[in-house]
Amino acid sequence: MINDNSVDQLIELVDSPSSAHSFVTEIEDDAIWAVSTGLKRRALFYLRRDAQAALAIAELILNISGWREMPRIRALGLQTKAIVLTLSLREFEEALELFGESEAIYRDYDEELEIAIGQVSRIWALACLQRYDQAFAASEWTTEILTEHEAYQPLAALSNNLAAIYGRRGQDLEALERFEQVEAAYNRLGQEGHHRRPIALINKAIVLRNLGRFSESVSANEAAHRLAIELEQTATVARAEQNLGITYFLLGHINRAQLLLQKARDTFISDQRYRCLLYT
């Protein structure tokens, strides 16, 4: 498809703004939105393996919005960058500002579904800042809109985030029950769910560890590690190693823990995920 070809060509020009600008001027108005959403999908693909590539693509979308003077594309770019900052780089405060700017533009176009999709990651940013009441309040509206539009993939991602939030609040049994529902939802999503299962398994492993169910936690983490390797999700591989290292440390397997934590640390440094180092 021409849109897929355009996405590929633009990504090749991501480090050359002038060339990308020239290329974008040749794209028809009725195709530029499809190309921009294609770039967003590609940025989200890179979330789990190359944070800097994902960030560069988000910036490219923002450049396109300026070159073409299209506010909806700016909203898309702001949302994409906010998601990258939240899920890859842990820059939560900056991400929340960008989510807010994006939502304001989308409201002007009555794009409630696009707002709800962004809310899934915004809720996680709020939770990571321990603003749990705001996160749960936002989840009610988001669930309603996503359900109304039958947006099952974002709904499953939201369920994963909410399950992890329950775990952060010490409600481990409720979190574990929700993770079982998340796994079932990802299974129903087929290939798309398959790509998202490693993170859900890691989150589940953390809750199992909190409950003292160490053998089950290790098994879930190892399953996440194997699947992430299969899917070439290098950042997720590192997260699995990080969490498995913490578990082994708690079990007194210090040398094994240190090896895993160092491997995770090396990956995070190479991908400039510096805030992830706080956990290694």
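This is a predicted model: local features need pLDDT of at least 70, side-chain atom pairs count only at pLDDT 80 or more; totals for chains, interfaces and linings use all residues.
Residues are numbered from 1 along each chain as its sequence is written, and side-chain values rest on heavy atoms, with hydrogens and water left out. Local features need pLDDT of at least 70 and side-chain atom pairs count only at pLDDT 80 or more, whereas totals for chains, interfaces and linings use all residues.

With a salt bridge taken as a side-chain nitrogen of Lys or Arg within 4 Å of a carboxyl oxygen of Asp or Glu, the count comes to 17 salt bridges. Among them is the pair of glutamate 183 and arginine 197, at 3.3 Å from N to O; glutamate 183 lies in helix H10 (residues 172-188) and arginine 197 in helix H11, so the pair ties together parts that are 14 residues apart in sequence. Both residues are buried, that is, under 20% relative accessible area with a 1.4 Å probe and protein chains only, where exposed means over 50% and partly exposed lies in between. Glu183 and Arg197 also belong to a network of salt bridges with Glu180 and Lys204. A further salt bridge joins aspartate 271 to arginine 273 at 2.6 Å, N to O, and both of these residues are buried.

Arginine 209, found in helix H11 (residues 191-210), is buried yet has no salt bridge, the nearest side chain of opposite charge being aspartate 172, 9.4 Å away. The side chain of arginine 209 is in contact (heavy atoms within 4.5 Å) with residues including Phe214, Asn243 and Leu250, when neighbours within four places in sequence are left aside.

Note on methods. Helices (H or I, at least four residues) and strands (E, at least two) are DSSP runs, numbered from the N terminus. Lys and Arg count as positive and Asp and Glu as negative; His and the chain ends are not counted.
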